[in-house]
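Trainee: Before I describe this model to anyone else, I would like to go through the terms one by one and ask what each of them rests on.

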Amino acid sequence: LCTQQFLDISAVISNSNRRSATIFANREMCETDSLELVKEIASQIEFNPDELIDLLDEFNNKYPSGRVNKNEFIKTYSTRFRHKSASKMAELLFCGIDHDANGFLDITELFCGLSLLSSRSSVDDKIRLAFDVCDGNKNEFVSKPELKTFLTAMYNMTFPNKKEAKKTSSRKTDEIFSTMDKDKDNRISFPEFKKGLDQDEEFKTHVLKYFSNE
């Protein structure tokens, strides 16, 4: 690891069910310090050290610029689901984990996103990710149009018939928004979103399957 000069992880920050890390590439470190830093970040994003090193190697080889653009991410996600209608959900997911909204995923955003998509992330973390994906303008609230955009993408992957998908997404948008918007302020906060999902296990299961690598 030392000779390959992979990573120097300077900080691991955690808040509001989100994990982040400040990562700087190509700084030479002694082997002991390197391994300890890799173990630290691996524990935070729920990969074991060997998996993390393999991912770093793959990332550096595949994306030498150090970042992934939207089209590259959409292609990878769509291939994972093998569904011709997966591109819109992939686009929403990309925006949900592109926290600085610069149109690219850096290594931190990508790895934290992969961690949240893994089977080892908690249900609460996946719910937070689903909320971030719905929250298109990143104002910490989900509007009715934003919810409809998400549900349309989801049901386009559920129903082979586009008319059925459109009809279902419109109906479910009205139903779910009305149920979740407890204070009737025409927007859904994260606590409202989480409570709404927790009270509807069938719908929660359906939503969260799009946030898993399994």
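Trainee: Leaving aside its neighbours within four places in sequence, which residues is aspartate 98 in contact with?

Mentor: Bearing in mind that this is a predicted model, aspartate 98 is in contact with Gly103, Phe104, Leu105, Glu109 and Lys138 once its neighbours within four places in sequence are set aside. Aspartate 98 itself sits in the loop between helix 4 and strand 4 (104-106).

Trainee: Why are lysine 70 and glutamate 91 called partly exposed?

Mentor: Buried means under 20% relative accessible area and exposed means over 50%, with partly exposed in between. Lysine 70 has a value of 28% and glutamate 91 a value of 26%, so both belong to the class in between.

Trainee: Which other salt bridge does glutamate 91 make, with lysine 88, and where do the two residues lie?

Mentor: The side chains of glutamate 91 and lysine 88 meet at 3.8 Å, N to O, and both residues lie in helix 4, three residues apart, about one turn of the helix. An α-helix has 3.6 residues a turn, so residues three or four places apart point the same way. Lysine 88 is likewise partly exposed, at 35% relative accessible area.

Trainee: What makes the salt bridge between lysine 144 and aspartate 174 a link between distant parts of the chain?

Mentor: The closest N and O atoms of lysine 144 and aspartate 174 are 2.9 Å apart, while lysine 144 belongs to helix 7 (residues 144-158) and aspartate 174 to helix 8 (residues 162-180), 30 residues apart. Salt bridges that share partners also join Asp124, Lys194, Asp198, Glu201 and Lys204 into one network.

Trainee: Why is helix 5 described as largely enclosed?

Mentor: Ten of the eleven residues of helix 5 (residues 107-117) are buried, so the rest of the structure largely encloses it. Among them are Ile107, Leu110, Phe111 and Leu116. At the start of helix 5, a side-chain oxygen of aspartate 106 comes within 2.8 Å of the backbone nitrogen of glutamate 109.

Trainee: How do you know that helix 4 is roughly perpendicular to helix 6?

Mentor: Helix 4 and helix 6 (residues 123-134) pack at an angle of about 105°, with their axes 8 Å apart. Angles of 65 to 115 degrees count as roughly perpendicular, so that is the term for this pair. Leu92, Leu93, Gly96 and Ile97 of helix 4 make the contact with Leu129, Asp132 and Val133 of helix 6.

Notes: Residues numbered from 1 in each chain as written. Predicted model: local features only at pLDDT ≥ 70, side-chain atom pairs only at ≥ 80, totals over all residues. Heavy atoms only, no water. Buried < 20%, exposed > 50% of the residue type's maximum accessible area, 1.4 Å probe, protein only. Salt bridge = Lys/Arg side-chain N within 4 Å of Asp/Glu carboxyl O. Helix = DSSP H or I, 4+ residues; strand = E, 2+ residues; numbered from the N terminus. Polar contact = N/O pair within 3.5 Å; in protein donor to acceptor, adjacent residues only side chain to side chain. Contact = heavy atoms within 4.5 Å. Axes fitted to C-alpha atoms, helices over the stretch in contact; angles between N-to-C directions. Parallel < 35°, antiparallel > 145°, perpendicular 65-115°, else oblique.
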